[in-house]
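Dear colleague,

I am passing on the structure we spoke of, and my notes on it follow directly below. Please read them with the model open beside you.

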Amino acid sequence: MSVKILVVEDEPAIQELLRFACATNGFAVRVAESARGAQHAIREALPDLVLLDWMLPDRSGVELLRELRGSDRTRHLPVIMLTAKGAESDRVSGLDAGADDYVVKPFSPRELVARIRAVFRRRAPDKSGEPIRYGALLIDPARHEVRFEDRPVKMGMAEYKLLKFLASHAERVFSRSQLLDGVWGDHVFIDERTVDVHVLRLRKALATVGAQHLIQTVRGLGYRLAAGPSS
Ligand code: CA
């Protein structure tokens, strides 16, 4: 499943540049030309990151950003603002409104992609495409490979995604519904008990290398990945 980026920009030339930069890096792109179009796209499917232009035909990008930050569903959605050259006050108010970063026009596709990856590293390491390490556990998304103490661990795709998600937010506890949103995506209607089934399978896979203790049940709350004693 590729990383989904929503581009909110009304200028065709910049749309094209953004589309090209994202597509050549394996990101799936959807383009909205206005704030209203962006809201519609986000309602349909939550993207992994938004590239948001400051000047949109119907509203300002920063107004839309404030609205996204005010809603539970989009509060933590990574957003990079695109600003005009030299508009220092724009950058400050963009960051104040909750932007994760900003890119100044004109920008190079390489710079943009580097910024996107940096935001993912900070906010969603499972999306950055870089190896995730936790103690002796190594997850290599480029090869779809899991190793523990350098021994390969075989598992199904759902278990792999679950492990990757937990490992990129190690030691944090997630409820079943948070795991469904984070691993399977929102708007996916799966029974919460399905999570338990995948956790069971994941533990079985990890048990083949003696690492089943990494997936901990936190009573009444959910699950986490941690090396320490479970609570
Ligand atoms: Ca614009």
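What spacing do the donors of the calcium ion follow along the chain? They follow E-D-x42-D-x1-M, and since this is a predicted model, that pattern should be read as a computed one. The protein donors themselves are Glu-9 (OE), Asp-10 (OD), Asp-53 (OD) and Met-55 (O), which lie 2.1 to 3.2 Å from the ion. Glu-9 counts as buried because its relative accessibility is 0%, whereas Asp-10, at 28% relative accessibility, counts as partly exposed.

Beyond its neighbours within four places in sequence, Leu-137 is in contact with residues including Ile-132, Val-146, Phe-148, Leu-163 and Leu-225.

As for the helix pair, the axes of α6 and α7 come within 9 Å and cross at roughly 105°, so α6 is roughly perpendicular to α7. In this contact, Ala-158, Lys-161, Leu-162, Phe-165 and Leu-166 of α6 meet Leu-179, Gly-182, Val-183 and Trp-184 of α7, and by class the residues involved are 7 nonpolar, 1 polar and 1 charged.

Note on methods. Residues numbered from 1 in each chain as written. Predicted model: local features only at pLDDT ≥ 70, side-chain atom pairs only at ≥ 80, totals over all residues. Heavy atoms only, no water. Contact = heavy atoms within 4.5 Å. Axes fitted to C-alpha atoms, helices over the stretch in contact; angles between N-to-C directions. Helix = DSSP H or I, 4+ residues; strand = E, 2+ residues; numbered from the N terminus. Parallel < 35°, antiparallel > 145°, perpendicular 65-115°, else oblique. Nonpolar A, V, L, I, M, F, W, Y, C, P; charged D, E, K, R; others polar. Donors = N, O, S within 2.8 Å, 3.2 Å for Na, K, Ca; no water. Buried < 20%, exposed > 50% of the residue type's maximum accessible area, 1.4 Å probe, protein only.
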